[in-house]
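Student: I am new to this structure and would like to go through it step by step. Could you take my questions one at a time?

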Amino acid sequence: MLRHAIAPARFFTQTPNEIIRHPRLSSDAVRLLQWQLSLPAEAHQSLSETAKQAGIKKTAFIRAKRQLIDEGFLHEWRRQGVAGRWRTTQLISNVPLTPEEALAVRDGDGDGAASPTAVGPAVGQPTVQAVGRSQENTEGNTPHPPHPLAERGAQALTAVTRGERRLRLSGRDVRALAPLAAEWLGRGATLADLREALTSGLPDTVHSPAGITRNRLTRKMPDPAPEPGPRPQPLRACTGGCGRMIRPVADETACRDCRRDGAAAAAAYDASGAAAATERGMAAVRAALCARP
């Protein structure tokens, strides 16, 4: 195979070989990605408009867009604006980004990466727009925004698995497993708990990272947090006269010592009263016997 290529002097975009040779991106997905990355920073052409200009039909566009999302080259967020309307923001990048990394780029916190509003390179110079650009702000009445806890679950899952090469999850895998991770968080689990459950004792070769992650998230799910017990009653003064403060457990009004002393006094009174009644009864019997002729 012979190759002959002349480097362009102007109006060019550097594309990583990983994109051109990506085994899971269709030609439509690669073209959409390259087209978007070639646009100047001030351009705000939506991804769907790019597809129209590139001659990509609706069904092929939907498939290509899903591939870009699954592989981490495209990220979307919905945020509520004025009058209850929701705005969709997209971020396109020339390297795969985790949801956590994409958020950092969106908010301008990327580590050395260009922000979505970065100024484009000078004509004829190699591009330095190393991460991506924000695209397509659309408004509409979408009544079901992303669940906050599910988003936390996705972020936790990404933070745990991205450092473990045997658990490399695609964007689609993270979104599918996020509710399970969110359930862990809802039950009081920490990031360390998740990491221990998902990464300890992994086999040397993992053929299905998503499968083993789902299995462990389900099988090792912690028990629900116990329901909080009744609030303790406030302190009150003992009514037995000892001057102590007590915290009643039920409806008692005196401390244990005063209750014990009171019970002993009541028993003694009852005993003396019974003896007196017995004595009165015997006296009445004797009087009745003596009165007989």
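Student: Is Arg175 buried, exposed or partly exposed, and what is its relative accessible area?

Tutor: This is a predicted model, in which local features need pLDDT of at least 70, side-chain atom pairs count only at pLDDT 80 or more, and totals for chains, interfaces and linings use all residues. Residues are numbered from 1 along each chain as its sequence is written, and side-chain values use heavy atoms, with hydrogens and water left out. Buried means under 20% relative accessible area, exposed means over 50%, and partly exposed lies in between, with a 1.4 Å probe and protein chains only. Arg175 therefore counts as partly exposed, with a relative accessible area of 40%.

Student: Which residue meets the side chain of Arg175 in a salt bridge?

Tutor: In general, side chains of opposite charge can pair when their charged atoms come close. A salt bridge is counted when a side-chain nitrogen of Lys or Arg is within 4 Å of a carboxyl oxygen of Asp or Glu. For Arg175 the N to O distance is 3.1 Å, and the partner is Asp70.

Student: How many residues apart are Asp70 and Arg175?

Tutor: Helices are DSSP runs of H or I with at least four residues, strands are runs of E with at least two, and both are numbered from the N terminus. Asp70 belongs to helix H4 (residues 58–70), while Arg175 belongs to helix H7 (residues 171–186). The pair links distant parts of the chain, and the two residues are 105 residues apart.

Student: Is Asp70 buried or exposed, and which residues does Asp70 contact beyond its neighbours within four places in sequence?

Tutor: Asp70 has a relative accessible area of 11%, so Asp70 is buried. A contact means heavy atoms within 4.5 Å. With neighbours within four places in sequence left aside, Asp70 is in contact with Ser170, Gly171, Arg172 and Arg175.

Student: What separates Asp257 and Arg260 in helix H10?

Tutor: These two residues form a salt bridge, with their closest N and O atoms 3.0 Å apart. Asp257 is partly exposed at a relative accessible area of 22%, and Arg260 is also partly exposed, at 49%. Because they lie three residues apart in helix H10 (residues 256–290), what separates them is about one helical turn.

Student: What is the N to O distance between Glu183 and Arg187?

Tutor: Glu183 is partly exposed, with a relative accessible area of 35%, and Arg187 is partly exposed at 25%. Their side chains meet in a salt bridge, and the N to O distance is 2.9 Å.

Student: Over the face of which residue does Arg106 lie?

Tutor: A charge sits over a ring if NZ of Lys or CZ of Arg is within 6 Å of the ring centre and within 35 degrees of the ring normal. Arg106 lies at 4.9 Å from the ring centre, and the residue is Trp77.

Student: Where is Arg216 found, and how far apart in space are Arg216 and Thr199, C-alpha to C-alpha?

Tutor: Arg216 is found in helix H9 (residues 209–219) and is buried, with a relative accessible area of 9%. Arg216 and Thr199 are 17 residues apart in sequence, and their C-alpha atoms are apart in space by 9.5 Å.

Student: Is His207 buried or exposed?

Tutor: His207 has its place in the loop between helix H8 (191–199) and H9. Its relative accessible area is 75%, so His207 is exposed.

Student: What average pLDDT does the protein chain have, and which stretches stay under 50?

Tutor: pLDDT is the predictor's confidence in each residue, from 0 to 100. The protein chain averages 77, and 72% of the residues score at least 70. The pLDDT stays under 50 over residues 110–131, and it is also below 50 over residues 136–146.
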